[in-house]
Amino acid sequence: QLQASGGGMVQAGGSLRLSCAASGRNFRDYYMAWFSQVPGKEREFVAGISWTGGRLYYGDSVQGRFAISRDNAKNTVYLQMNSLKPEDTAVYFCAAAPRISRATSAYVYWGQGTLVTVSS
């Protein structure tokens with residue numbers, strides 16, 4: 001089970017840190033990722049991290065502003081969101097997959113989502 005938290009409302013230019021806590025199983029060997037979704041659109045890949053944390057992947061729109069990290073001892077993945085823009089407003093989901101992928105179909109475990117709202 002994945003539990004996402006840390007969403008909220010922030011002004012443009014501000015920062016938020018999302019957390020995704022895993023329970024019920026050890027996600028140490030899973031590739032972890034964050035996706036965003038706005039109403040009426042598909043979930044979009046935001047960032048991903050390999051199980052060692054040594055490989056990081058980002059969507060084009062967040063490159064240089066967001067940073068993904070993980071603490072396997074705590075079974076938790078983080079998404080540090082800086083220089084937020086109104087277009088970052090979305091529900092953010094964490095997910096786990098047995099292999100590296102930017103496709104939602106590869107992910108077998110999903111968190112419930114946390115809402116991020118960025119005002120202008």
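This is a predicted model: local features need pLDDT of at least 70, side-chain atom pairs count only at pLDDT 80 or more; totals for chains, interfaces and linings use all residues.
Local features need pLDDT of at least 70 and side-chain atom pairs count only at pLDDT 80 or more, while totals for chains, interfaces and linings use all residues. Residues are numbered from 1 along each chain as its sequence is written, and side-chain values use heavy atoms, without hydrogens and water.

One disulfide was found (a pair of cysteine sulfur atoms within 2.5 Å). C20 and C94 form this link, with their sulfur atoms 2.1 Å apart. The link joins distant parts of the chain, with C20 in strand β3 (residues 16-22) and C94 in strand β9, 74 residues apart. Strands are DSSP runs (E, at least two residues), numbered from the N terminus. The angle about the S-S bond is 65°, and the link is right-handed. Both C20 and C94 are buried (under 20% relative accessible area, 1.4 Å probe, protein chains only).

N75 lies in the loop between β7 (66-71) and β8 (76-81). N75 counts as buried because its relative accessibility is 17%. Its contacts (heavy atoms within 4.5 Å) include C20, A21 and R28, not counting residues up to four places away in sequence. The N75 side chain also reaches the backbone nitrogen of F27 at 3.3 Å.

The lining of the largest pocket was also examined. β4 (31-37), β5 (44-49) and β9 (90-97) each supply at least two of its residues. The largest share, three residues, comes from β5.

Definitions and conventions. Helices (H or I, at least four residues) and strands (E, at least two) are DSSP runs, numbered from the N terminus. Buried means under 20% relative accessible area, exposed over 50%, partly exposed in between (1.4 Å probe, protein chains only). A polar contact is a pair of N or O atoms within 3.5 Å; within protein, one must be able to donate a hydrogen and the other to accept it, and residues adjacent in sequence count only if both atoms are side-chain atoms.
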